[in-house]
Amino acid sequence: TALIPRYTPEWTDRSESGDRDGAIGDYTRALELDPELAAAFANRGVLKKAKGDLDGVRSQVSNKQGMEASVLREGLGWADKGPDSVEEVVNATLARERPRYERFLSVLGTLGSNTPFIGLFGTVLGVIKAFRDLSESASAGPEVVMQGLSEALIATAAGLLVAIPCVIAYNYFQRQIKDLTADTEAMARMI
């Protein structure tokens with residue numbers, strides 16, 4: 001999808017003619033029409049640097065780390081080859097960078113989804129133990145069953161105690177990566 005579709009044809013025409021400064025100016029004016037989008041770029045300092053100065057943006061991102069800097073650096077390196085080449089390089093760079101940010105999310109996701117089952121397994125074992133203890137003691141009262149059930153509920157609580165923070169952290173980091181990727185794609189479309 002285009003950042004701002006009505007400006008895409010003008011961007012394509014200008015980029016083919018080599019007028020990159022004018023194309024960035026077009027996007028800058030377009031971003032002024034969308035304050036929310038402009039705020040996202042202004043927070044990262046890109047609009048201040050990009051007002052027609054690709055070399056300035058190159059120098060700004062040359063020694064920076066992170067997904068945004070990598071994508072901009074790669075995209076700017078291919079800017080003179082045309083918008084199709086830039087788009088391919090940007091997509092390839094995003095495909096390379098995103099897994100670096102998601103590499104530990106699978107651990108959180110696995111813990112969040114599996115620890116309730118481990119807790120449930122502990123609960124089942126505790127109930128089995130409670131009934132076994134009840135069967136072994138002919139004169140046993142409810143105390144024997146209650147002790148086994150309390151141990152079983154501790155296993156359930158422990159599983160939930162691990163799972164809930166893991167799911168919250170997973171969702172938080174997943175959202176952060178999604179937002180970072182969206183911001184990076186939007187900035188890359190300015191090239």
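Me: What makes T93 count as buried?
Reply: T93 has 2% relative accessibility. Buried means under 20% relative accessible area, exposed over 50%, partly exposed in between (1.4 Å probe, protein chains only), so T93 counts as buried. The model is predicted: local features need pLDDT of at least 70, side-chain atom pairs count only at pLDDT 80 or more, and totals for chains, interfaces and linings use all residues. Residues are numbered from 1 along each chain as its sequence is written, and side-chain values use heavy atoms, without hydrogens and water.

Me: Which residues does T93 touch, not counting residues up to four places away in sequence?
Reply: T93, found in helix α7, touches S70, V71 and E74. Contact means heavy atoms within 4.5 Å.

Me: Why is α7 called roughly antiparallel to α9?
Reply: The axes of α7 (residues 83-102) and α9 (residues 142-188) come within 11 Å and cross at roughly 160°. Angles over 145 degrees count as roughly antiparallel, under 35 as roughly parallel, 65 to 115 as roughly perpendicular and the rest as oblique, so α7 is roughly antiparallel to α9.

Me: Which residues of α7 make the contact with α9?
Reply: They are V90, L94, R98, Y101 and E102. The residues of the contact of α7 with α9 divide into 6 nonpolar, 3 polar and 3 charged.

Me: Which residues have the most contacts inside the largest nonpolar core?
Reply: In this core of 16 residues, they are V71, L76, V90 and I191. A nonpolar core is a set of buried Ala, Val, Leu, Ile, Met, Phe, Trp, Tyr and Cys residues joined through side-chain atoms within 4.5 Å. α6 gives the most to this core, with 5 residues.

Methods
Axes fitted to C-alpha atoms, helices over the stretch in contact; angles between N-to-C directions. Helix = DSSP H or I, 4+ residues; strand = E, 2+ residues; numbered from the N terminus. Nonpolar A, V, L, I, M, F, W, Y, C, P; charged D, E, K, R; others polar.
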